[in-house]
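Please go through the contacts in this structure and say on what grounds each one gets its label.

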Amino acid sequence: MLPRTVLMSSFFFLLAFVTCTSVPTTPTSPDENATEFIRARCGGTRYPDLCYTSLSGYAAAVHHSPLKLARVATNVTLARLRALCSHVSALRRARGAGHVAAALRDCADELGDAAYQVGRTATELRGLESVEEPEVAWRVSSAQTWMSAALTYEGTCSDGFQNVDSGGTSSVEADVCRRVGKVKQYTSNALALVNGLVDGR
C-alpha cells in the first residue's frame, strides 16, 4: 500500500492539472439573451425576419418581456405609419387635382386613421405591468381590436388605387402601394406580438 503522503501528493497534482486544463466558458451577455428572446418571439409572426431586424436593436430595453416587445413593435409601427402618411400627403400636394390626387388624399386619410388606431394600441399597452386582472385582459383585447383596425385602414388605402384610370399601375401609385405593403408587414407583426400577450405578460 502506498504511503498516505504519496496518495495526497498525487491527489493534489491531479486536481491542479484538471483546474489548469479546464476550458473557460464565455458568459452570455444579457443583450445576447434578449436578442435570442426577440428572435424566438418573432418566430410566431408572419414576417419573422423583418420582425427580428426591426426590433433586435431594442434588446436592452426589451429584456425578456413579451409586453415590452409588443410595446416596442407598436411604437416602431406607429413611427413608420406617420412617416408614410407624410410622404403620401406630400405626393398628393404635388399632384394637384385629378383621380390620382383624389386617391392619394383618401390614402393619406386612411393612413392617418391607421396611425390613430396604432396610437390607441400603444396607449392600452402603456403601464400594463401594474394593472391587475380583469383589466389586463380587457386592455389587451382593446389593443388587438385597434391594431386589427389599423390593418384594415392600410388595406383600404391600397385598394383605393384600383378605382383610378391607371388601375394602380402608375409609378406614383406603385410606389405608394409598395410602401403601404411594407407598413402592413410591420403592423401584422405588431399585432401578432400583441396577440401573444393573451398567454401572459
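Q: What makes Arg179 and Asp175 about one helical turn apart?
A: Arg179 and Asp175 are 4 residues apart in helix α8 (residues 171–195), so about one helical turn separates them. Helices here are DSSP runs (H or I, at least four residues), numbered from the N terminus. The model is predicted: local features need pLDDT of at least 70, side-chain atom pairs count only at pLDDT 80 or more, and totals for chains, interfaces and linings use all residues. Residues are numbered from 1 along each chain as its sequence is written, and side-chain values use heavy atoms, with hydrogens and water left out.

Q: Why is the contact of Arg179 with Asp175 called a salt bridge?
A: The term requires a side-chain nitrogen of Lys or Arg within 4 Å of a carboxyl oxygen of Asp or Glu. In Arg179 and Asp175 the closest N and O atoms are 3.0 Å apart, so the pair qualifies.

Q: Why is Arg179 called partly exposed?
A: Buried means under 20% relative accessible area, exposed over 50%, and partly exposed in between (1.4 Å probe, protein chains only). Arg179 has 33%, so it is partly exposed.

Q: How do you know whether Arg139 and Glu135 are buried or partly exposed?
A: Arg139 has a relative accessible area of 11% and is therefore buried. Glu135, at 38%, is partly exposed. The two form a salt bridge, with the closest N and O atoms 3.5 Å apart.

Q: Which residues do salt bridges with shared partners join into one network?
A: Glu124, Glu135 and Arg139 are joined in this way. The whole structure has 7 salt bridges.

Q: What makes the charged end of Arg120 sit over the ring of Trp146?
A: The criterion is NZ of Lys or CZ of Arg within 6 Å of the ring centre and within 35 degrees of the ring normal. Arg120 meets it over Trp146, 3.5 Å from the ring centre. The charged end of Arg39 likewise sits over the ring of Tyr52, at 4.0 Å from its centre.

Q: What makes a set of residues a nonpolar core, and how many residues has the largest?
A: Such a core consists of buried Ala, Val, Leu, Ile, Met, Phe, Trp, Tyr and Cys residues joined through side-chain atoms within 4.5 Å. The largest has 50 residues, and Val176 is among those with the most contacts inside it. Helix α5 gives the most to this core, with 11 residues.

Definitions and conventions
Helix = DSSP H or I, 4+ residues; strand = E, 2+ residues; numbered from the N terminus.
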